[in-house]
Amino acid sequence: MSNEIKKREAQTISDAFDSIAAIFITDPKGCFIYVNDIFCELTGYTKTELIGKSPNVFKSGLHPEEFYKKLWSALLSGETWRGVFCNKKKNGELVWLDTIIRPIFNNNNEIEKFVGIRFNVTENVQNKLALKAKEEELVAISKFATMGEISGFVAHEINNPLTVMSLAASSIHSALNAESPDIQKIKKLNTKMIEVTNRISHIVLALRDYSRNDSTSIMDSCRVSEIIDDALLITEYIAKSNGVDLIVENDVDDELLIKCRRTQISQVLINLIKNACDAVHSLEKMEVKLKITVKSDALEIRVLDSGIRIPDEVVARLFTPYFTTKEKGKGTGIGLTLSAKIIEAHGGKIFLDRECHQTCFVVTIPLA
């Protein structure tokens with residue numbers, strides 16, 4: 001193939017890209033030396049306004065400085081960089097751009113310039129952001145529904161310790177005013193007050209953590225024992241209020257770790273235990289069992305109830321959004337769907353064990 005033909009083919013390819021994508025070339029310092037028409041359309045600036053300028057003019061403020069440092073580190077080490085920028089146009093409008101930037105070297109193996117190509121993906125990103133916002137809204141709805149169900153019982157659980165504290169304080173007051181104060185009695189009453197105060201504190205902290213939005217937090221190494229305790233502090237109220245025996249069989253070490261968003265995993269367990277309590281609350285045998293074990297390199301949590309197996313026609317729709325078998329007003333139909341999304345985001349699985357003679361949901365999460 002002659003050089004002339006090769007040049008024509010190269011030009012044809014270049015023209016094709018030039019007609020569908022934003023193309024730019026910068027000097028080694030990152031200042032523009034060429035931009036095409038589409039690039040100007042996506043920025044709102046003219047070629048004259050851009051040539052010689054730095055891309056800093058497009059900064060939206062949505063990316064941390066670390067983002068740009070990593071980009072430049074990759075390019076200056078000779079790597080091709082790819083990522084999505086959120087840029088600010090001249091009129092202030094935000095635009096999301098899928099971008100590829102590649103360094104070009106001269107004969108001395110020095111970076112001569114950078115060539116970049118960009119595609120407008122604003123609509124896709126906005127759709128994803130809208131979907132994420134909707135999912136976060138559903139998480140909040142699910143949490144508030146649970147909080148509404150247990151609020152009355154939690155109030156009862158807090159009032160009881162407060163009554164104990166009031167009586168203990170009154171007794172201490174009387175003991176101190178006696179001619180010969182019984183120090184041992186006062187110490188015992190004081191210890192009781194500390195115990196019930198800690199009880200109330202644990203309940204309040206559990207509710208606060210449960211209601212918190214941690215969808216944007218990073219995954220961290222957490223003790224499985226603490227996650228289980230978080231879930232039980234709330235679900236034991238649900239079980240008691242329904243007359244359900246909640247049994248825990250924990251066969252894992254107290255120091256066992258998983259990498260997760262702690263409150264999200266607690267939310268999944270709370271949802272599964274709550275569903276199990278709802279399923280058995282009118283049966284002769286009302287029992288829910290939580291079994292925690294390690295299988296291979298994963299944590300396995302089973303939530304079993306004493307009810308009958310779920311019919312096949314219901315199983316097929318269990319994880320479908322807004323599907324519920326509960327009475328009207330008693331279920332949102334989003335708990336299992338959200339639980340599945342949370343566990344999948346943690347690299348795990350959630351499923352119904354059809355080989356079990358009871359209703360048994362299984363959650364597996366990789367160990368840290």
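Let me begin with a term: a residue is buried here if its relative accessible area is under 20%, exposed if over 50% and partly exposed in between, with a 1.4 Å probe and protein chains only. Helices (H or I, at least four residues) and strands (E, at least two) are DSSP runs, numbered from the N terminus. What we are looking at is a predicted model, in which local features need pLDDT of at least 70 and side-chain atom pairs count only at pLDDT 80 or more, while totals for chains, interfaces and linings use all residues. Residues are numbered from 1 along each chain as its sequence is written, and side-chain values use heavy atoms, with hydrogens and water left out.

With that in place, I turn to helix H10, residues 335-345. Of its 11 residues, 8 are buried, so H10 is largely enclosed by the rest of the structure; among the buried ones are Gly335, Leu336, Ala340 and Ile343. Ser339 also belongs to H10, and its relative accessibility of 3% places it in the buried class. Leaving aside residues up to four places away in sequence, Ser339 touches Val268, Asn271 and Ile350, where contact means heavy atoms within 4.5 Å. With Asn271 there is a side-chain to side-chain polar contact of 3.4 Å, a polar contact being a pair of N or O atoms within 3.5 Å, of which, within protein, one must be able to donate a hydrogen and the other to accept it, and residues adjacent in sequence count only if both atoms are side-chain atoms. After H10 comes Gly347, with a positive phi near 75 degrees.

Next, the sheet, which is open and has 5 strands in the order S7-S9-S10-S12-S11, with mixed pairing; two strands pair if DSSP finds at least two bridges between them. Strands S7 (245-250) and S11 (349-352) are at the edges and have a single partner strand each, so one side of each lacks a neighbour in the sheet. On average, and ignoring direction, neighbouring strands of this sheet are turned by 15 degrees against each other. Within the sheet, S10 (residues 298-305) and S12 (residues 359-366) run antiparallel and are joined by 8 bridges, with Glu300 opposite Thr364 in S12.

Across S7, S9, S10, S11 and S12 lies helix H8, residues 262-280, at about 20 degrees to S10; axes here are lines fitted to C-alpha atoms, for helices over the stretch in contact, and angles run from 0 to 180 degrees between N-to-C directions.

How do H7 and H8 cross, and at roughly what angle? The axes of H7 (residues 224-241) and H8 come within 9 Å and cross at roughly 30 degrees. The two helices are therefore roughly parallel to each other, the classes being under 35 degrees for roughly parallel, over 145 for roughly antiparallel, 65 to 115 for roughly perpendicular and the rest oblique. The contact includes Ile227, Asp230 and Ile234 of H7, and Arg262, Leu269 and Ile273 of H8.

Arg262 and Ile227 are 35 residues apart in sequence, and their C-alpha atoms are 6.3 Å apart in space.
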